[in-house]
Amino acid sequence: MSHTPAESTESPDSAAASFRSEVTVELVKHSAADSDVLWAARVSTAGEQSLEELQKDPERSKGLINYLMRDRHGSPFEHNSMTFFISAPIFVFREFMRHRVGWSYNEESGRYRQLEPVFYVPGESRKLIQQGRPGKYVFVEGTPEQHELTSRVMEDSYRQAYEAYQEMLAAGVAREVARSVLPVGLFSSMYATCNARSLMHFLGLRTQHEQAKVPSFPQREIEMVGEQMEAHWAELMPLTYGAFNANGRIAP
């Protein structure tokens, strides 16, 4: 079942828990274009004339980007930057931060601010049942009863955890200690900055796609983040994005 954030004018001390099934990704700034790849690649043969090459035949530029992607000449794809503001459950960020090369992160801190009672509950489209063994398993649809159970149990647990958190804060316990009772389904927010090469590596592992040469089995919630980041990137660097898909979605 789908949940959306409940709007409230109450202070965090008295706010009721709210529940969400969606993550959000906002592109807050960027310096990213296909031309960044082109001048970086052409400097190896054109030197200081590489910037003049940018206005030449577009089809030639498309071919160069495809060649770089196909033969895995990766460094020209690093001369760009994208910064995203992401709101997702804590367990998504713990997976996210396994991606270290070419990424920078800053996340909101439970040491320095009181955390808001916004929690993740799977929506109706989230497959609940795992079948098979690791490396071979698939997820299938849950029954209405399983969805109802999941939502009810998670929401009850979240409310109890946040009440315990509030109780400790009211008694003067430090935020960095009191936060220990909060679950990984709590929503957090962060800025994540990357370049196209590091994003391609992320997407190759954290999304499923019909054009991928190497199969991936991401958890659905981090895939939801990846899909939104991919949509932003595709608009910024369409030639690079097209070459990524045409060459099996393998980062160069």
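## Leu199 and its partners

Setting aside neighbours within four places in sequence, Leu199 is in contact (heavy atoms within 4.5 Å) with Met82, Trp103, Cys194, Met229 and Trp233. Keep in mind that this is a predicted model, where local features need pLDDT of at least 70, side-chain atom pairs count only at pLDDT 80 or more, and totals for chains, interfaces and linings use all residues. Residues are numbered from 1 along each chain as its sequence is written, and side-chain values use heavy atoms, with hydrogens and water left out.

Leu199 sits in helix 6, residues 196–206; helices here are DSSP runs of H or I with at least four residues, strands are E runs of at least two, and both are numbered from the N terminus. Its relative accessibility is 0%, so Leu199 counts as buried (under 20% relative accessible area, 1.4 Å probe, protein chains only). Met82 is 117 residues away from Leu199 in sequence, yet their C-alpha atoms are 9.3 Å apart.

## The cores

Leu199 also turns up among the residues with the most contacts inside the largest nonpolar core, which has 42 residues. Such a core is a set of buried Ala, Val, Leu, Ile, Met, Phe, Trp, Tyr and Cys residues joined through side-chain atoms within 4.5 Å. Helix 7 gives the largest share of this core, seven residues.

Apart from this core lies another, with 13 residues, including Phe119 and Leu182.

## The whole chain

Zooming out, the chain has eight helices and eight strands, and 42% of its 252 residues count as buried.

Conventions: Buried means under 20% relative accessible area, exposed over 50%, partly exposed in between (1.4 Å probe, protein chains only).
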